[in-house]
Amino acid sequence: MTSAIFLQKTFDLIQVSPAEVAQWTEDGRSFVLKDLKTLESVWLDRYFRHNNFTSFARQLRSYGFSKTKKHDGCAGTVWEFHHPDFLRDAPERMALIRRNTAAHGDAKDDHGHDFDALKQQVARLERQVASLAHDLTSLATLLKPPSPKTYDMLQACPPSLAAWTDGGLGFVVFDTKGLEATMLARFFRHGNFPSFVRQLRFYGFSKCRRHENVDREPVWVFAHADFQRDDPKRMKKIVRSSNPLAKSEVDVDELRTRLDVFETRVVALSAQVGLLLEILHARAAVGSVTTLEPTEDDLLDLIVAASPSAI
């Protein structure tokens with residue numbers, strides 16, 4: 001018979017932590033926790049990958065430990081925990097300790113609250129993943145020349161939105177909002193006309209605004225010497241501009257660094273969302289969030305995933 005991983009780690013924590021943080025009582029039948037701030041920031045984080053004393057105490061209670069608040073003349077307020085089978089000189093007796101089903105009943109409200117909190121955490125992480133994914137797409141777009149996609153977009157675009165000029169040496173945008181909602185979203189995976197214009201400017205496109213007539217919105221005309229309807233091969237000559245206006249924008253190397261960071265964060269957040277959803281689905285499958293006992297590793301991973309510091 002083996003003891004729970006949580007109990008083994010608690011035993012090891014008491015054995016190796018400084019006496020001013022945690023130690024056994026003289027008879028070895030109980031242990032006391034003194035410096036809770038250091039316990040949370042150093043020792044709980046090291047052994048349980050979280051820094052929440054309340055959660056640690058609730059876990060102990062679920063295994064039948066009693067908790068007593070005492071006053072130590074030197075250390076101030078300390079917490080003493082006791083279980084008849086959790087002994088300094090007889091660690092093998094930990095195997096006899098089982099979760100107290102009564103404690104589950106007493107903690108029903110806490111578990112219900114935790115379950116709701118986890119669902120909220122999933123929703124929050126999903127929003128962050130979506131936001132980061134959008135930023136990732138925008139950054140990736142900034143690193144790629146817009147010319148080929150712009151050419152393909154103009155070839156497929158309804159003439160009411162945008163079209164080549166008569167000579168094919170430039171193009172005109174008639175309906176910016178319509179272009180944002182349809183063609184930019186389709187070809188550039190974003191719907192932001194100012195970003196599209198900024199990208200064109202990076203690559204040396206000229207831009208001017210003209211009025212077709214007083215009853216219509218002004219139109220935008222873009223042109224580049226090597227961006228021509230009848231000679232698409234010339235697009236290969238188009239390179240990022242080094243004019244003073246472009247120098248004020250974010251450097252490409254910086255964008256690449258930001259792109260790598262975003263990719264890492266998206267992967268990490270996606271993994272956390274997946275983990276939380278798996279545990280929530282497992283709890284829902286048994287019909288009650290208060291009767292399922294996840295494995296210790298599940299609990300540890302869950303704590304990490306639910307921690308804002310992990311983001």
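This short talk walks through some aromatic rings, charged side chains and helices in a predicted model.

Before I start, please note that residues are numbered from 1 along each chain as its sequence is written, and that side-chain values use heavy atoms, with hydrogens and water left out. Because the model is predicted, local features need pLDDT of at least 70 and side-chain atom pairs count only at pLDDT 80 or more, while totals for chains, interfaces and linings use all residues.

Let me begin with the rings. A pair of aromatic rings is described by the distance of the centres and the angle of the planes. Here, rings of Phe, Tyr and Trp (its six-membered ring) pair if their centres lie within 6.5 Å, and planes under 30 degrees apart count as stacked, over 60 as edge-to-face and the rest as tilted. By this rule there are 23 aromatic pairs. One of them joins F6 and Y63, which are stacked, with 5.7 Å from centre to centre and 10° between the planes. Since F6 belongs to helix α1 (residues 5–16) and Y63 to the loop between α3 (53–62) and β3 (66–72), this pair ties together parts that are 57 residues apart in sequence. Helices (H or I, at least four residues) and strands (E, at least two) are DSSP runs, numbered from the N terminus. F6 is buried at a relative accessible area of 2%, and Y63 is buried at 5%, where buried means under 20% relative accessible area, exposed over 50%, and partly exposed in between (1.4 Å probe, protein chains only).

How are the rings of F193 and F222 arranged? Their centres are 6.4 Å apart and their planes stand at 75°, so the pair is edge-to-face. F193 lies in helix α8 (residues 193–202) and F222 in strand β8 (residues 219–223), so parts that are 29 residues apart in sequence are tied together. Both residues are buried, and both belong to one aromatic cluster, which also includes Y151, W164 and F227.

Next come charges over rings, meaning that NZ of Lys or CZ of Arg is within 6 Å of the ring centre and within 35 degrees of the ring normal. The charged end of R46 sits over the ring of W43, 4.5 Å from its centre, and K67 lies over the face of W79, at 4.7 Å from the ring centre.

Finally, I would point you to S62, which is in helix α3 and is buried at 9% relative accessibility. The C-alpha atoms of S62 and N100 are separated by 5.6 Å, although these residues are 38 residues apart along the chain.
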